[in-house]
Amino acid sequence: MKTGFIILRVSALRIWFVWLLVMSSPAVFGQVRLPRLISDGMVLQRDIPINVWGWASADETVEITLNGKTGKAKTGPDGKWKLTLPAMKAGGPYQLTVQGSNQLTVNDVMIGDVWVCSGQSNMVLPMERVKERYPNEIAQAQNPAIRHFFLPTRYNFQGPMDDVPPGRWEAATPRNVLRFSAVGYFFARDLYEKYHVPIGLINASVGGSPAEAWLSVEALKAFPAHLATVEKLKDSSYVTRIQKSEQKAVREWNAQLHRQDKGWQGETNWTDPTYDASRWPTMQLPGFWEDAGVPKGNGVVWFRKEIEVPAEMTNQPAKLFLGRIVDSDSVFINGIFAGSIGYQYPPRRYELPANLLKTGKNTLVVRVINTAGKGGFIPDKPYQLVAGGQTIDLKGSWQYQVGAVSGPMPGTTFFQYKPEGLFNALIAPLLNCTIKGVIWYQGEANTENAGEYQRSFPALIADWRNHWRQGQFPFLFVQLANYLPVKSQPSESQWAELRNAQRKTLSVPNTAMVVATDVGEWNDIHPLNKETVGKRLALAAEHLAYGDKTVVFSGPVYQSMKRKGSKISLTFSNIGSGLVAKGGGELTHFAIAGADHRFVWANAKIKGNQVIVWSDQVPNPVEVRYAWADNPDGANLYNREGLPASPFTTSPYTIRP
């Protein structure tokens, strides 16, 4: 009996504790709550009725006041409420008050234009990543009318979520702007400079995400394979099992690699500047160690270089630039750990404290872990040590030694890339928010399936418009930039096929496309030139969203072809004040083929508002391609306003699924 009494008493205590938690929750006492997006510093959309929404207890009346306008709403049984305030002109800052059983105040509210920034990593990429390229722009970013709300990565397969992940509105300052989407900031800056209207950017983008992750379950019904995946992922225990199993395998792989790494063994490890590395072989960096003769395989390779540092570079902060490294690296200077980056894409820019470098000989050691494919240092990136206005070039001969050899790291499932997950978690919570439009930079993740993208991307635009219930709002998107090594001959290209699918999406009403095949980098999927992209998006917005029909907002876009004997005549839209070969000279990157579809480089000449294409090798041409390559570097068909022509093929064929 005594034991039973104790059990009953513990159970009673648990029940009391649960009751206390429930009774102390806001809903029980009718505490009005607002979504995270409706918070200090927010921007609300001008010139159309404004939605305000939130939660309270059932049947509670909520009153909202903003800029002299008032609205009331009553919650339903689920505790949700929503009301609409009259349309307002641009202005602010205002105070928004919410009155229910409690009162809330939202300060510093601006009325302006709200743009959703979405897509994958090239939209995510913050100003911090391009700070060396744009130091003046960052220093001058002092504009309280440009504001940014970043949504951290989150996914959900159980259904649409009510609220966004934790975040906050930030006004553009030299410090805050480092967290802004770089494309988004330059887009907003140009719009503000022209219209002087507050601009709010809601950054809902996730690196590496394919289009299907941003589709709702309704839209996915047109894609049965993805819909089947969605059904499977609704089982959260299934997802958890996979995650735990894969995380365990990766931990064990790393642990085994660490145990086997000879660099950590012995009385003196390889980070120590006193270690005798005189017998280590050398290789030229940047480069890949497999190309230098190191046997194929993954694992750890250590790199070591002794550098002479003049006194003028010591006793002050320094910066170490190590380009990009595949895949992860740990850096040691004079035996002291200086920093680490865990995956291949970020630029290596290490801030060094004033006391780390010394006059004379310094030892730089880089431990590189390669998880799959070739490991090494990406060419054509900065490799240098900078301090006191002086620079030491680090390219050239380095010593190296293999620390451990392993098979590839076990793969992991990126659930944030699975169908519907990002729509539910990041887009669904925004749907009450009235917006001006969307800017979109994505497609790299879908290059292996351009045929499907030709259907899924227009489906995404329609899906978002259907859910937002704001009609055909402007949807502006960026065509893929040039990337990967340049090829000397015409060839097939998945990137070109994806660009063509994007070009065809222009048939969707109220859309515009920015061409970016002149701003990319062959060795970086994240090119640094985000200002040009932002400016071109702003031009598209001026035309499409702000009604300025005089602005030339696009480069030439292929419309039709006509064969005349052995030549093909091409016509274009968006020629502005005329077609030009940028920089003068002959047009480049045109290829032509006959019925055998074997493409050769072609002659191309501007004639009025057309381009005439021919080749003596193809007497009976049937098809022309322009800039059809992963990296059509140097493609030079532009309009006189300086905007590049979109890559295209004249073939009406359906690209492979």
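Tutor: A residue is buried when its relative accessible area is under 20%, exposed when over 50%, and partly exposed in between, using a 1.4 Å probe and protein chains only. This is a predicted model in which local features need pLDDT of at least 70 and side-chain atom pairs count only at pLDDT 80 or more, while totals for chains, interfaces and linings use all residues. Residues are numbered from 1 along each chain as its sequence is written, and side-chain values use heavy atoms, leaving out hydrogens and water.

Student: Is W115 buried or exposed?

Tutor: W115 counts as buried because its relative accessibility is 0%. F187, also at 0% relative accessibility, counts as buried.

Student: How is a pair of aromatic rings described?

Tutor: By the distance of the centres and the angle of the planes. Rings of Phe, Tyr and Trp (its six-membered ring) pair if their centres lie within 6.5 Å; planes under 30 degrees apart are stacked, over 60 edge-to-face, and the rest tilted. The structure holds 36 aromatic pairs. In one of them, the ring centres of W115 and F187 are 5.1 Å apart and the planes stand at 85 degrees, so this pair is edge-to-face. It links distant parts of the chain, 72 residues apart: W115 is in strand β7 (residues 103–119) and F187 in helix α4 (residues 182–195). Helices (H or I, at least four residues) and strands (E, at least two) are DSSP runs, numbered from the N terminus.

Student: What kind of pair do Y195 and Y546 form?

Tutor: Their centres are 4.5 Å apart and their planes at 15 degrees, so the pair is stacked. Y195 lies in helix α4 and Y546 in the loop between α10 and β27 (557–564), 351 residues apart. Y195 is partly exposed at 24%, whereas Y546, at 17%, counts as buried.

Student: Which residue lies over the face of Y546?

Tutor: A charge sits over a ring if NZ of Lys or CZ of Arg is within 6 Å of the ring centre and within 35 degrees of the ring normal. K436 lies over the face of Y546, 4.6 Å from the ring centre.

Student: How many residues of α10 are buried?

Tutor: 12 of its 15 residues are buried, so helix α10 is mostly covered. Among them are V533, L537 and A541. Helix α10 (residues 530–544) reaches 21 Å from its first C-alpha to its last, close to the 21 Å expected at 1.5 Å a residue; the expected span is 1.5 Å times one less than the number of residues.
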